[in-house]
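Subject: Handover of a structure, with notes on helix packing and pockets

Dear colleague,

I am passing this structure on to you, and I would be grateful if you could read the notes below with the view open beside them.

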Amino acid sequence: MTHAQRQQLIEIDRRLSEEELGDRALVHAMVQLDWYRGQMRRTRMRYVLSESGALFLAGAATVLAALSAPAWITATVAASVAFLAGLRRIVSWHDDWLAASEARAKAEAEISQYRLLAEAERTPERQRELVAAIDALVLDETRSWGRRRREKVQAEPAG
């Protein structure tokens, strides 16, 4: 088990009551929810950093050219802008961020509906329904991710 996984379990443990910790279906759903929450944060940060970095460097390249900075500096900054533009074409952090946000919202809704059930209503059947709903969400999101990647590759111009 990695350090990140241990931290995730500690965080989940902190948010669940003693009775809820014994509910393996709820713990399973919370683990998936936390994964999507973390994924959403990471992809959002990568998206914001790459976009703001590209904007900043594009502006800097223009200023450097206007200031007659050494050609190698201006060229390096311009090459960095081109690199970030290419990186944006390879990875789709914005799409991944939106997809993780949607999956997180769906998982939270499923968990909230389950938590509204009285303790006696959290039958094995209801637990299986929660696990099935969360697993279907994960499968749908994984398929969606694969579809986005295939579409991105197919949209690339040949050679």
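A crossing of two helices is called left-handed if the near helix is turned anticlockwise from the far one by less than a right angle, and right-handed if clockwise. Helices are DSSP runs (H or I, at least four residues), numbered from the N terminus.

Please keep in mind that this is a predicted model, in which local features need pLDDT of at least 70 and side-chain atom pairs count only at pLDDT 80 or more, while totals for chains, interfaces and linings use all residues. Residues are numbered from 1 along each chain as its sequence is written, and side-chain values use heavy atoms, with hydrogens and water left out.

Helix packing

Two packed helices are described by the angle between their axes and the distance between the axes. Here the axes are lines fitted to C-alpha atoms over the stretch in contact, and the angles run from 0 to 180 degrees between N-to-C directions; angles under 35 degrees count as roughly parallel, over 145 as roughly antiparallel, 65 to 115 as roughly perpendicular and the rest as oblique.

The axes of α3 and α6 lie 8 Å apart at an angle of about 25°, and the two helices are therefore roughly parallel to each other. Their crossing is left-handed. The contact (heavy atoms within 4.5 Å) joins A25, L26, H28, A29, Q32 and Y36 of α3 to Q127, L130, V131, I134, D135, L137, V138 and E141 of α6. By class, this contact of α3 with α6 has nine nonpolar, three polar and two charged residues, where Ala, Val, Leu, Ile, Met, Phe, Trp, Tyr, Cys and Pro count as nonpolar, Asp, Glu, Lys and Arg as charged, and the others, Gly among them, as polar.

Helix α3 (residues 24-66) also packs with helix α4 (residues 71-90), at an angle of about 155° and with the axes 9 Å apart, which makes α3 roughly antiparallel to α4. The crossing of α3 and α4 is left-handed as well. Residues in this contact include L57, A61 and L64 of α3 and V77, V81 and L84 of α4, and the contact divides into twelve nonpolar, four polar and two charged residues.

For α5 and α6 the angle is about 170° and the axes are 10 Å apart, so these helices are roughly antiparallel to each other. Among the residues that meet are D95, D96 and A99 in α5 and E141, W145 and R148 in α6; this contact has ten nonpolar, one polar and eight charged residues.

Pockets

A pocket is an open set of points on a 1 Å grid over the protein atoms alone, where a 1.4 Å probe fits, with protein on both sides within 12 Å along at least five of seven lines, and lining residues have an atom within 4 Å of a point. A volume is the space filled by probe spheres set on the points, which are joined across faces, edges and corners.

The largest pocket holds about 250 Å³, and its lining includes Q7, E11, R15, D34, W35 and R41. Both α1 (3-15) and α3 give two or more residues to this lining, with α3 giving the most, six residues. The lining divides into two nonpolar, three polar and six charged residues.

The second largest pocket has a volume of about 160 Å³. Its lining includes Q32, W35, Y36, D96, A99, E141 and W145, and α3, α5 (93-115) and α6 (124-155) each supply at least two of the lining residues. Here α6 gives the most, with five residues, and the lining has six nonpolar, three polar and three charged residues.

With kind regards
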